[in-house]
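Subject: Structure handover

Hello,

Please find the structure below, with its sequence. My notes on it come after.

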Amino acid sequence: VGNLFRVDDVASKCLSRPPDAQPTEAERKIWEQVNQVLMEALAILDDLQSYKGAGEEIRQAIQNPNADRVQERAWGAVVPLVGKLKKFYEFSLKLEGSLHGLLKALTSAHCSPTQHLEQEQALARQFAEILHFTLRFDELKMTNPAIQNDFSYYRRTLNRMRINNVAAEEENEVNNELANRMSLFYANATPMLKTLSDATTKFVSDNTDLPIENTTDCLCTMASVCKVMLETPEYRSRFANEDTVSFCLRVMVGVIILYDYVHPAGAFVKSSKIDMKGCIKVLKDQPQSSVEGLLNALRYTTKHLNDETTSKQIKNMLQAN
């Protein structure tokens, strides 16, 4: 019960503190590093949202394999787009670094997870913003098949160039080795979430002196805070707008997925510290169109949902209609 009151207290403080509140002196160094990455994240989302693809040029090139000008036009359309995809991929590596820095600060042993979230709200907010960005990026990527089509065409053409002219590869911004790494990244339905899940798992395995509970308790406390803020009418009424609701929903789902990867038994087991039934109910209480992507993230990108230890009730709650 004490823990519930603390979560309630953190939720209240989160809502009363302005989102642009400045970090304390102790937080400042890591906050400024992460803030640069978050500023770039806004531009990345804008770029991804306006990504139209070169579908028509590629279609013409496939239909006219011997027309050099048509081939050149398709290649000219695809190369700058692959430059954008390279930028997105490289940004995922920066995000990984930021996450490590934040986890180090928010899971240190000098105080409990709820105290961390109360005392270091500027960093906790940045962690939430990284999760929000991650789920938003993956939602946009999943609904844009042009990304995979453009990149596949680029790789096929690059291979042809390699066969015909070895020097051609050096002239391209994305060489074969980088294209292989990017291909693994984009082959994933939710590439940014995979990056964060892997990064959180790596953080735990690299910091063996830190009890795993420091990380899992931080994640489950954030999930609980989001759930309380969303399901309590008094708090919900204080949200500035619907964007705040979307923000909280994405953060809640993001920390559940990270918890599910890091905790040995996962998020869905009966002994889980996350109230999964309550979190799923909160999601299902929203308009379906606004949460379908988040429900799909729980259905298809978690690690333990299909384990025998997951109750039938939770599996039924998450079944696609």
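This is a predicted model: local features need pLDDT of at least 70, side-chain atom pairs count only at pLDDT 80 or more; totals for chains, interfaces and linings use all residues.

Residues are numbered from 1 along each chain as its sequence is written, and side-chain values use heavy atoms, with hydrogens and water left out.

The core

The largest nonpolar core has 100 residues. A nonpolar core here is a set of buried Ala, Val, Leu, Ile, Met, Phe, Trp, Tyr and Cys residues joined through side-chain atoms within 4.5 Å. Buried stands for under 20% relative accessible area, exposed for over 50%, and partly exposed for what lies in between (1.4 Å probe, protein chains only). The residues with the most contacts inside this core are Phe 127, Phe 133, Leu 249, Met 252, Ile 256 and Leu 283. Helix H4 (residues 68–106) gives the most to the core, with 16 residues. Helices (H or I, at least four residues) are DSSP runs numbered from the N terminus.

Leu 283 is in contact (heavy atoms within 4.5 Å) with Leu 249, Met 252, Val 253, Val 291, Leu 294, Leu 295 and Leu 298, once neighbours within four places in sequence are set aside. Leu 298, in helix H14 (residues 288–300), counts as buried because its relative accessibility is 1%. With neighbours within four places again left out, the contacts of Leu 298 are Val 253, Ile 256, Ile 257, Phe 268, Leu 283, Leu 305 and Leu 318. Leu 298 and Val 253 are 45 residues apart in sequence, and their C-alpha atoms are 7.2 Å apart in space.

Met 276 belongs to helix H13 (residues 276–284) and is buried, at a relative accessible area of 3%. Beyond four places in sequence, Met 276 touches Ile 256, Ala 267, Phe 268 and Ile 314.

Helix pairs

Two packed helices are described by the angle between their axes and the distance between the axes. The axes are lines fitted to C-alpha atoms, for helices over the stretch in contact, and angles run from 0 to 180 degrees between N-to-C directions. Angles under 35 degrees count as roughly parallel, over 145 as roughly antiparallel, 65 to 115 as roughly perpendicular and the rest as oblique.

H4 and H6: the axes come within 10 Å and cross at roughly 150°, so the two helices are roughly antiparallel to each other. H4 passes H6 in a left-handed crossing, a term for a near helix turned anticlockwise from the far one by less than a right angle. On the H4 side, the contact includes Phe 88, Phe 91 and Leu 95; on the H6 side, it includes Phe 127, Phe 133 and Thr 134. By class, this contact of H4 with H6 has 14 nonpolar, 3 polar and no charged residues. For these classes, Ala, Val, Leu, Ile, Met, Phe, Trp, Tyr, Cys and Pro count as nonpolar, Asp, Glu, Lys and Arg as charged, and the others, Gly among them, as polar.

H6 and H12: helix H6 (residues 121–142) and helix H12 (residues 242–262) have axes that come within 8 Å and cross at roughly 90°. H6 is therefore roughly perpendicular to H12. The contact of H6 with H12 has 9 nonpolar, 3 polar and 5 charged residues.

H3 and H7: helix H3 (residues 55–63) packs against helix H7 (residues 146–164) at an angle of about 40°, with the axes 10 Å apart. That angle makes H3 oblique to H7, and the crossing is left-handed. Gly 55, Ile 58, Ala 61 and Ile 62 in H3 meet Asn 149, Asp 150, Tyr 153 and Arg 156 in H7. This contact of H3 with H7 has 4 nonpolar, 2 polar and 2 charged residues.

Single residues

Thr 134 sits in helix H6 and is buried, at 0% relative accessibility. Leaving out residues up to four places away in sequence, Thr 134 touches Leu 95, Met 192, Leu 193 and Leu 196.

Arg 136 is also in helix H6, but is partly exposed, with a relative accessible area of 21%. Arg 136 touches Leu 45, Gln 49 and Arg 250, with residues up to four places away not counted.

Ala 240 lies in the loop between helix H11 (233–236) and H12. At 72% relative accessibility, Ala 240 counts as exposed.

Regards
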